[in-house]
Amino acid sequence: MDILKFVKKVPGGLMVVPLLLGALINTIFPEALEIGGFTTHLFKTGAMPILAVFLFCNGAQINAKQVGSPLVKGVALTASKVLIGAVLGVLVNNLFGQAGVLGISSLAVIGALTNSNGGLYAALAGEFGDSTDVGAISILSLNDGPFFTMLAFGITGIATVPIIALVATIIPILIGFILGNLDENLREFLAPGTALIIPFFAFPLGAALNFGQIIEAGLPGIILGVASTLITGIGGYFTMKLLKAKRPQIGAAIGTTAGNAVATPAALATVDESLAAIAPTATVQIAAAIIVTAILCPILVNYLHRREEAKAAMQ
C-alpha cells in the first residue's frame, strides 16, 4: 500500500491527514484515546513536547553561513509576512473583538498569515528564481512555527504572552541552530526530524477536535486561506519589487500557511487561557488555510511570473 505517497499528494498532507484522523477518532471513539499510558501520551496529550523536538530539529537546519543577497531577501520577506499578519490581526481584534469577523478570530488571522510553508517556497524559488531566492529560506524558516505569532500577540497586547514564554519558545530553535552550525554532521543527523515528527504532533492536535468543529469552521477556513495567499503573497511580491530583485514574483511564494501553523492556537492557549475557547476553531480554520494556500500560491506565482516575462519582452 502506498500510504505515504497518498499522504504526500495532499497539500500539507503530513500535517493535515494525521490531524483529521485524530479528529475523526476523537469524534467517534474519544474513549479509545484516554486509556492512559503511552497510548494517551502519544495520541492525545503529547503534542507540545513532540513539537518542541520539531522546533529543535528545524533550528539545526538554519545555516548561519548564508549571507548577502539571500539574507536581505529572507529578512525582507519574513518581515513582510509577519507585519502584514500582525497588522491585520490587530485590526480584526480592535474592530470585531475576540469573536472576529465572518467567524475568523484574530488568533486565526495571525496564526495563518504570519507563518509560511518553507518547503513550498523553496520549490517555487527553485522553479522560478535563482540561488539567492532559494537561499532566503534560511531566514524564512524562522517564521515556520509559533514564535513570531506569539511575539505578534505579545507586542500588540491582544494576548498576554509573558517574555519567559517567548524565550522558552525560541530556546529549542536556538540550541538546534547552534549545534547545527557547530557540526554539519549534527545538522544532517537532525534533518529527518523536520518531516518525520510532523505526524506525531499533528495527530494529538487533531484528537483535541471533532468534526462538528471542522464543518463549522469550513467556509471561514477557505476565506482565511484565500486571504493569506492574496494579501501576504502580493505583499511579498511588492517587497521584492522594492528590493529591485530580478525575479520579484518569487516574493509571492510566501503567500502560504505553514503546515505546523496549525499548532499555534494550542501553543498560545497554553500561555494565555483566555484564548482557550477560540483555539479549537482557529486550529481547524488554519488547517483549511494550509490546503487552500498550497493550491492557490503556485497559481499566483505562476501568474506573476508570466506577467513579469511579458513586461520584460516589451522592453
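This report describes the helices, nonpolar cores, aromatic pairs and a surface patch of a predicted model.

## Basis

The model is predicted: local features need pLDDT of at least 70, side-chain atom pairs count only at pLDDT 80 or more, and totals for chains, interfaces and linings use all residues. Residues are numbered from 1 along each chain as its sequence is written, and side-chain values use heavy atoms, with hydrogens and water left out.

## Nonpolar cores

A nonpolar core is a set of buried Ala, Val, Leu, Ile, Met, Phe, Trp, Tyr and Cys residues joined through side-chain atoms within 4.5 Å. Buried means under 20% relative accessible area, exposed over 50%, and partly exposed in between (1.4 Å probe, protein chains only). The largest core has 47 residues, and Leu107, Phe201 and Leu224 have the most contacts inside it. At least two residues of this core come from each of H2, H4 (47–59), H5 (69–96), H6, H10 (147–156), H14, H16 (264–271) and H17 (279–314). H17 gives the largest share, seven residues. Helices are DSSP runs (H or I, at least four residues), numbered from the N terminus. Apart from this core lies another, of 20 residues, among them Leu77, Ala253, Leu300 and Leu304.

Leu224 is in contact (heavy atoms within 4.5 Å) with Ile104, Ala108, Val109, Ala112, Leu113, Gln285, Ile286 and Ala289, leaving aside neighbours within four places in sequence.

Eight of the eight residues of helix H6 (residues 106–113) are buried, so the helix is largely enclosed by the rest of the structure. They are Ser106, Leu107, Ala108, Val109, Ile110, Gly111, Ala112 and Leu113.

Leu113 of H6 is also among the contacts of Thr232. Thr232 lies in helix H15 (residues 211–242) and is buried, with a relative accessible area of 0%.

## Aromatic pairs

Rings of Phe, Tyr and Trp (its six-membered ring) pair if their centres lie within 6.5 Å; planes under 30 degrees apart count as stacked, over 60 as edge-to-face and the rest as tilted. By this rule there are two aromatic pairs. Phe43 and Phe203 form an edge-to-face pair, 5.3 Å centre to centre with 70 degrees between the planes. Phe43 lies in helix H3 (residues 37–45) and Phe203 in helix H14 (residues 198–206), so this pair ties together parts that are 160 residues apart in sequence. Phe43 is partly exposed at 33% relative accessible area, whereas Phe203 is buried at 12%.

The rings of Tyr237 and Phe238 have centres 5.1 Å apart and planes at 65 degrees, so this pair is edge-to-face. Tyr237 is buried at 3% relative accessibility, and Phe238 is partly exposed at 49%.

Leu24 is found in helix H2 (residues 13–28) and is partly exposed, with a relative accessible area of 33%. Leu24 and Phe211 are 187 residues apart in sequence, but their C-alpha atoms are 6.6 Å apart in space.

A nonpolar surface patch is formed by Ile164, Val167, Ile170, Ile171, Leu174, Ile175, Ile178, Leu179 and Leu182, with about 780 Å² of accessible area together. Accessible areas come from the Shrake-Rupley method with a 1.4 Å probe; for residues, only the protein chains shown count as cover. Patches are made of residues with over 30% relative accessible area and no salt bridge, with like charges joined within 9 Å and nonpolar side chains (Val, Leu, Ile, Met, Phe, Trp, Tyr) within 5 Å. A salt bridge is a side-chain nitrogen of Lys or Arg within 4 Å of a carboxyl oxygen of Asp or Glu. Val167 lies in helix H11 (residues 163–182) and is partly exposed at 35% relative accessibility.
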